[in-house]
Structures are given as C-alpha cells and as structure tokens.
Amino acid sequence: MTLADTKAAVAAAADTTGTASANGTVTAAASAVLKESEVRGGGIQMRNVDKIYPGSSKKALNDFNLDVKPGEMVVLLGGSGCGKSTALRSLAGLEDIQSGRILVGGQDVTGVPVNKRNMAMVFQAYSLFPHMTALQNVEFGLEVHGVGKEERRRVAMGKLELVGLADQAGKYTQQMSGGQQQRVALARALAVDPRVLLLDEPLSALDAKVRVQLRDEIRRIQLDTGTTTIFVTHDQEEALAVADRIGVMNGGRIEQIDAPQTLYQRPATEYVATFIGLTNRLPGSSDGREGVVFGRRLPVLPNSAKGSDVTVLVRPENLTLAAAGDAADGSAVGEHARVEVIHFLGALVRVDTVISSGKWQRWNNGEQLKVTVQLPANELPAGLAVGSDVIIAPRPVAALAV
Amino acid sequence: MAVNIDEQGLTNEQGEQLTPLQAGLDRPPQLRAARVRQQSIIKTVVLVATLLFLFIPLASMLLFTVRHPLSGRWSLAAWQAIFTGNGESLGADLTVLWQGLGTSLALCVVTVVIMLLLMVPTMVIVHIRSKRLERAIEWVATLPLTIPAIVLVVGLGPIYRWLSADVLSTNPIWLCFAYVILVMPFSFRALAVGLNSIDVKTLCEASRSLGASWPRVFFRVIIPNLWQAILSASFISIAVVLGEYTVASLLGRMNLQVALFQLGQSNSQISTAMSLLALLFGVILLVALDLISDRIRNRKDK
Amino acid sequence: MTATLTQAAPAVRKTAGAPASSSPLAAHRKELGTFAVTVPFFAYTACFLLAPTVIVIVGAFTSSSGGFTLANFSKLFEPNSLASIGTSILVSLISAVIGAVVGALASYALVIGAKPNGLLRRIIAAICSVLAQFGGVMLAFAFIATIGINGVGTVLIKQLTGYTVNPNWLSSLSGLVTVYCYFQIPLMIIIFLPAVDSIRREWREATESLGGDTWQYWTRVAGPILAPRFISSLLLLFANAFSAYATAAALFSQRSILVPLMIQGAMRNEMDPNQQGFAQVLAFAMIVVVAIVMILSHAVEKRAGRWQ
C-alpha cells in the first residue's frame, strides 16, 4: 500500500469514530426477538491468557491481555503466527486456554462452551452451509434459538437487506460470489444479535476491489448496529480503515493497542513502527528526550533508546528534501544523497535516494544507506531528476529511537 | 459441590453455569480437549471394530494354511507345495493351479494391451475435440457397472460358442475380449483422472504449432505425460482380471480363480495359501496404484 | 506460378496448427475425423457389451419356436424363483444397509482429528480398495477358513466355550450377509471418504458460534449435507451385492438360493426345453433391478446437485 492510502485511512478512521453510537432500527427489532437477559454489546476483558496448542511447546498466546469497551471495534493486526486468530478463537471458545480469564459483559465465560457464549463469528471463507439458501443460512441461528418461523424470516430478511442482498435470498451459496458469501455470513452472524461479533480475516479470500468495498460496509454496519466487534487481519490498510483501536500483535501478545493515528504517529516499539506504514531506519543519537539525525535535532518518543549510536525510525513524510544547489545559502543542514527513483503518486511524490557522501555513505556492513522521502508534489524542487544531488534532513516531528 | 465438565461447559448439579473460580478450579476447564478426547475414543472404537472384522478372516486364512484342520498338526507343507511346485506330499495335483495361473497372467497382459489400444487414443482425441463424444464414451465405458458380469455371461454365451466353434478356439485366452469390458469402467476412470490433470489441449496446440505431426504429438508429448494414468489403469485392470471368476467359470474356461476353486475341493490348505498370495499381490498392486494417483493429484494441485 | 503460391499458403497454415475450422466444410471433415477415431471403441463395445445385452433382452422374449412371447416370464413367478429373488433382495438390502452405516462411521472415524493425508488413513484406504475387490472364491475361502466346518474360529469357539457352530451357518441368511459385508464395508469407505472429507471444520464452528449444539449440528447441517451421498452410496452397495455371483457360487454351488445362482443353474440346463429362455429372463430381471437402483442413485445425486 502507498503511504497516501495509509494517511487517508487514518483520517477516515478518525472521522467515523464520532458516530459510533448510532443504532439501526433493524437491530432494535432483532433484539426484541431474542429473550436474552444479558446486556447487549458487552465489553470484553481478556486477562493473562496463555494458550499452548497440543503437541507444541511454543505459547500461541503469551500473557495476552485485551480490554474492549462496549460497542467498540478493535482490530487485531499482525503477521502470520502472531496469535491473532488464536486470540479470537479463544475468545469465541473454539480453543481452550491454559490459564487466564475471559470476561464478556462482566461475566466470566471461561467455563462456558462456545454455543452459550452468544458471540457470532464470521470466518475467512467456506463457512456458509451449502445445502441452505442465503435466507436459510441467515435464519439458522434464530432457528437454533427456537425463534418462530415467521419471526425469524422477518429478522433474516432484515439482515439480508442490511447487507444489500435481499434480492438474493433464495440463492444457494455456491451460486454467489465470494463477496456475496461473506455478506451472507455477516448477516447470519448479526441475526442472532450477538454480544460480540468476531471477524476472522473475513476479507482475505476476496479480490482487492471487493475487499475495499466490503470492509467499508462492515464498518458502516458495525457503527449502525453498535455491536462490539473484534476484527482479525494481517492487512494494515484494512485495519486502519475500520478500527476504533488497533492492537498490533507479535509473539502471542499485543505490543501496542491504540487509535490508528496514535499507532502511526507514536509507535511504542520498533515492531509497531515498522509494521505499520513505511519507515526509514536512520542512524543517529538520542538522550531519551531529544535525538539528532543527520545533524538535525528532533524530539524522540517515550520508550526511546538512549545512546550515541542508535537507529531512529523516521517516516518518509517527516523528511525534507532540497536540491543540493539551493543549499548554497547555508541554511540547509543534512546529508547529501543521490536520487534513485521518483514515484509520482498524484498529489504526493515519493523519492528513493541513497546517501552519497559523508560518514553514512557506507553503513552497517558496508551497505548503502537508502532513504525514502515523501513530500507534496508542489514542494518538489524544480528540475529534480534521477541522479540529482539532494540534501536530506528530518523535520522536528517526534520519532522513535531504537 | 459436584462440578460437571462436558458439552454444557462448567456446570453444577442444577445445570447452572459456573466460572472456574466458583468451581474451585485454578485453571480454565479444557472443554475442547474433552471433546477431542471423546471423539478419539469413538474413533478408536469404530476403527478397531471395523479393522477386526476385516482382519479376522485374513488371520484365519493364514492360520488355516499352517494348521491341518482335522489332525491339528502344524506344518508349512502347503506353502512348501506352492513354492516348490510339488503338491505330492499333500496328495494334491497342482498342474491345474499352474495352468490357471499361467492363463490368468497371460490374460492380464492381453487384456491390458487391448484395453490401452482401445481406450487411450480414443479418449485423448475426444478429450481434445469433442465434449459430446467424450460424454458418450464415458457413458458407454461405465455401463458395465450397471450390467452385472453374471448378466453379461448369459449374453456372451452364444457369442463365445460361435467364436470358439467357427472363428477362434476354446483357448481360455479369448476370455480377454470379455475382460476388456469388465475392466473398462475402472480403467476409464484412471485414464480420465490423468487426462484431466494435464492440459492436453494446450500441449497439443503447442507442439502442433511447432510443426509436430499428429503421431509424433501423440507418442512424444501426450503418452509421456500420461504414463502414470496408463500405469494405474493397467494395475487396476490386472487386479480385476486376477480376481475374475464369474465369466471364466460359467463359460467353462480355466483361469486362476477357477483353478483355486477346483483345488479347494481337494486340498483347501493349498488353495487358501494361494489365495493369500494372490491377495498380497493385489495389495501390492493397489498400494502402488495409490502412490501413483497420489502423484497425479499432487501434480494437479501444483 | 501464382497458382502454386496460393496453393501453398493454406498448406502452411495447416501444418502450423492454425484453427482448421476456417470453412464449414473443414469443420465438418474434422468432426468426421474425430468420429472415425472412436469407431474401434464403439465397434468393440457393440460386439462385447451391446450384443450380449441385446441377446439377453431378445432371448427373454423369444419362444422355443423363435417367435415373440411373454411366456418365459411365467417361470419368474414360480415359488422357488420368487423365493430366490426375495432372498437376493433381502441379502443385498441388509448387507447394503450394514455396509453403508459401518462404512460411513469408519469414514468419519478416519477423517476426524486426522491429517488429510495421514499415514493411517492412506493405509486403510489402500487396504479397503483391495478388499472391496476381494469378492469371489478367495473371500469364500477366507470365511470357510474362519467359521466353516473346520474353520479356525469354529475350532477356537468349540475349545473355549464348548459350543459347536452350525456348519451351515455360512449359507444361512445371516451368514451370507456377514460375508457380503466383508466387501461392502470397504467399498463404502472408499466411496464415502471423499464426501466426509468435503465436510468443513468451519461448518461445525459456525453452528456452535451461532448457538447450536452437537445434535443440531448433525441433524441440521452435517446430516443433510451427507445424506444424498449416503443414499446414493447405499444404492450402489445394493446393486453391488445384488449382482455379486462369485462369492455365493464358491460358498454353495449346489443350491440356487440367489438370483445369480439360479441363472447359473438355468445356463447349465439350457438344452432342457423346459428351461427355454429362463436364464435370459432372470438376467433381464437383474438388469431391470440394477437399472432402477442406478437411476434412483442418479436422481438422488442430481437433487443434491442443486446446491453442489
């Protein structure tokens, strides 16, 4: 993904959080159907959860902790094997946990089997029952709960309308596209009016275009119904687009959980900083409050490492780039670099450069030090071309030193 | 307080849900693990019972061959008779058996050859050129599954009477014509799996566009890509031919199974031992078949 | 000179494998060519598959003088014919039901909690494909060796409990069913394994997360999904047992208690004018029964095809 997308997604996520409490009329009708005594849209607490798969010595969840407020949408984000799906499945009751407690709406559900936890799950794919029509699939959960035929038909049609598939109600799932199938799965999960909606990589089996469309729709519906939702994905763009908060997972625990913007601008660990968005690893020094990169001072984030030889993680848009000729006025401090590639991204331009002089010409094991800079297209120095000599320096924006 | 851990989760005697704390547990209950254990008990019971039923007769056969049924004496005489080819120590004449075995082996070869000549070119051509003809051939080739061998024999009787009297001879080798029909459904499936696992059409078009003639395409391109399917079709055919009794016995020809049956009347130990050997051979053939079809599957997955 | 050139052009195109269907005539010729290659196949099957079947059907309706008659069918309704047809259907039905149920359970046991290509599963599948073919003389020997008059099991039971197994048990209905189950169960395992394989873990988990319990999963999800395949497999097993000849023939050659054995008897006595066309009539009846079963099986699979 491009950085422009990331920023747009961050902005969109920040925009939508304000309307999180809006409730749809369809849900009000549905909740009247189920004679559940529990409070709807319960919060979640997972406390010190350990999970070890049988036959494995590695902890899939290692002292895992998670707090979710009622009505919130939290995305668990991480690479494969980080434990994000395990966390979700443990919450659903599909996996045993070895220690710890799980509370939903204040109730300890650790000893409660899956089918009594009143959570509904949407799987990656293939979870619809092939011998039932879309409508029958959506009705299934209500039928299992003993809801009368007419009532469940009414609720199911309502949910299909919510996902925009009311006209496909009579189709078998095999006759539907992947995107439609996942919509039906979403409608089916919402039909039982779950305390918590669990989405396990619901979009990763879909085409890129459908994925973007559906993720926006999932967010709209979630805001509409106000259901507490956990969404697991490995796709950061997806996470940034839909989440109230994102928990970045690594090694069976959450490294940092924060609003998308915070996560991007103020990463707590190197893993988080490099996992989300693009980042440059630049040599510099840090005293824990302030750092120096390429001769320029900049604030460093809390948790930063101290020392005269640290790596500072600087986002491409937090670097300045000036043609070396302009620097003759003496105001520019920074390192000389040579332009390698220029990517025009519409309103933005990304410039890949290699440090071409000074002590950083050769870095680490004698590798070239590559630096990516991103700036608005209208700030691009005139006459910049591949091979141009430029001067690069950081802006005074807080960065993480590691 | 009694605590139950089962399908209902953690409950007390009244069926009320408990938390691990209320139940006095220091660890979360392993509900899923309990189910896995329960499933594996069911699994073990079902499999052991099924396998026992399947293995007891085989074990009995083995015991039967080494223990004389009347005197209760243990001896390897039956096996010795087979491997030395001399059944005199048991008072059995094995010439019928060798004759039947020879016929059956020859029948295997001839049947496989005719089957391949008949099926492979036809199936390849219609696979490339005509979906309609391919469906017609599939229908015809799997038809023998619907027409039992015993029925076929009734109709084959007059045909074979005419064949042996006027055209060929009463030599049992001519049973091959009927056997090709019997093995057809099985070999068709094996070949169809192979054909569907490679893109024959593209292969042909590619080699034709390079200027190769049809025979060249067929022998140099298609056959080498199809040899695993051809092998598995041959193996299943051999297995069927070696086990064939119905047609041979009712048409009055001698093959391995007919010989086994006749020998069984006089010396059941030797015929049982020979049956075990034939079965073992069948197992080896079909395990090889499994390995081959596994390779075809793997290629298709790639 | 120009003529040769224009002549050469299409020839080049043809050897280059370009689409030869440029003219309707060429397309027609190509179709004829394709059909010509299939002639040996159709000719062969006409001689050795179609011709015998026609002989059976025609023979069933031919009188001793060579004319058309329905009289041959009267023998079908004589008591001993009806009895053997009844026994045949009963044995086939019971062995098919037992084979289908046990085989389905075993398939399920092989699939749950095991890797899709696990060793145990592959070994059992290979053994089953051998045993499913293991009808006939060898199977008869196996059971004679087990529970025949001097069978290992018979002797063992006698020594352990003093109970003498009825030496004719193998030719009783329950004995015959037991023997038939020996190839029915493995056959069911082979044909039903793929169906059980197609059951996805997500369906169970989705059922549970929507509030369903094990019973609801089986009755509302897994059961209905597996049912069409189970029924069509059951029908196939029935046809398989109904048309089996060799095992029964090797077990008791003298008694015609099953339809295939009656056919054998009728064939042996074909010169007897009283038996005119009887073998053909019986064979024709078998074709009809098996065809009905196969059509039913197809219909069941087709019904499931709505959603498959």
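Q: How many residues do chain B and chain C put into their contact?
A: In this predicted model, 71 residues of chain B and 65 residues of chain C take part in the contact, where two residues are in contact if their C-beta atoms, placed from the backbone, lie within 7 Å. The largest share of the chain B side comes from helix 1 (residues 31-66) of chain B, with 16 residues; helices here are DSSP runs of H or I with at least four residues, strands are E runs of at least two, and both are numbered from the N terminus.

Q: And what is the chain B side made of, by class?
A: The side of chain B that touches chain C has 46 nonpolar, 19 polar and six charged residues, with Ala, Val, Leu, Ile, Met, Phe, Trp, Tyr, Cys and Pro counted as nonpolar, Asp, Glu, Lys and Arg as charged, and the others, Gly among them, as polar.

Q: What about chain A against chain B, how many residues there?
A: Twelve residues of chain A are in contact with 17 residues of chain B, and the chain A side of that contact divides into three nonpolar, five polar and four charged residues.

Q: Before I go on, what are the ground rules for numbering and confidence?
A: Residues are numbered from 1 along each chain as its sequence is written, while chains are lettered from A and ligands numbered from 1 in the order in which they are written. Because this is a predicted model, local features need pLDDT of at least 70 and side-chain atom pairs count only at pLDDT 80 or more, whereas totals for chains, interfaces and linings use all residues.

Q: What scores does the predictor give the complex, and where is pLDDT under 50 in chain C?
A: The complex has an ipTM of 0.83 and a pTM of 0.83. For chain C the mean pLDDT (the predictor's confidence in each residue, from 0 to 100) is 83, and 91% of its residues reach 70 or more. Over residues 1-21 of chain C, however, pLDDT stays under 50, and the model has twelve contacts beyond four places in sequence for that stretch. Where pLDDT is low, the predicted coordinates should not be read in detail.

Q: How is chain C divided into domains?
A: Chain C has domain 1 (25-60) and domain 2 (76-305), with bounds that come from an automatic or database domain assignment. The C-alpha centres of these two domains of chain C lie 33 Å apart, and four residues of domain 1 are in contact with five residues of domain 2.

Q: Which parts of chain C does UniProt list as transmembrane region?
A: The unreviewed UniProt entry lists residues 35-62, 82-111, 123-149, 169-196, 230-252 and 277-300 of chain C; the positions are in the numbering used here, feature names are shortened, and annotations may be inferred rather than shown by experiment. In the model, residues 277-300 of chain C are 96% helix and 0% strand, with end C-alpha atoms 35 Å apart, while residues 123-149 of chain C are 74% helix and 0% strand, with end C-alpha atoms 33 Å apart.

Q: Switching to chain A, is helix 4 of chain A buried or exposed?
A: Ten of the eleven residues of helix 4 (residues 134-144) of chain A are buried, so this helix is largely enclosed by the rest of the structure. A residue is buried if 20 or more other C-beta atoms lie within 10 Å of its own, exposed if 12 or fewer, and partly exposed in between.

Q: What covers those buried residues?
A: The cover includes strand 6 (119-122), helix 5 (149-162) and helix 6 (178-191) of chain A, together with helix 9 (214-242) of chain C. After helix 4 of chain A comes G146(A), which has a positive phi near 80°.

Q: Which non-glycine residues have a positive phi, and where do they lie?
A: Among them is E201(A), with a phi of about 45°, in the loop between strand 7 (196-200) and helix 7 (208-225) of chain A. E201(A) counts as partly exposed because it has 19 C-beta neighbours inside 10 Å. Another is N303(A), with a phi near 75°, in the loop between strand 13 (296-299) and strand 14 (307-314) of chain A.
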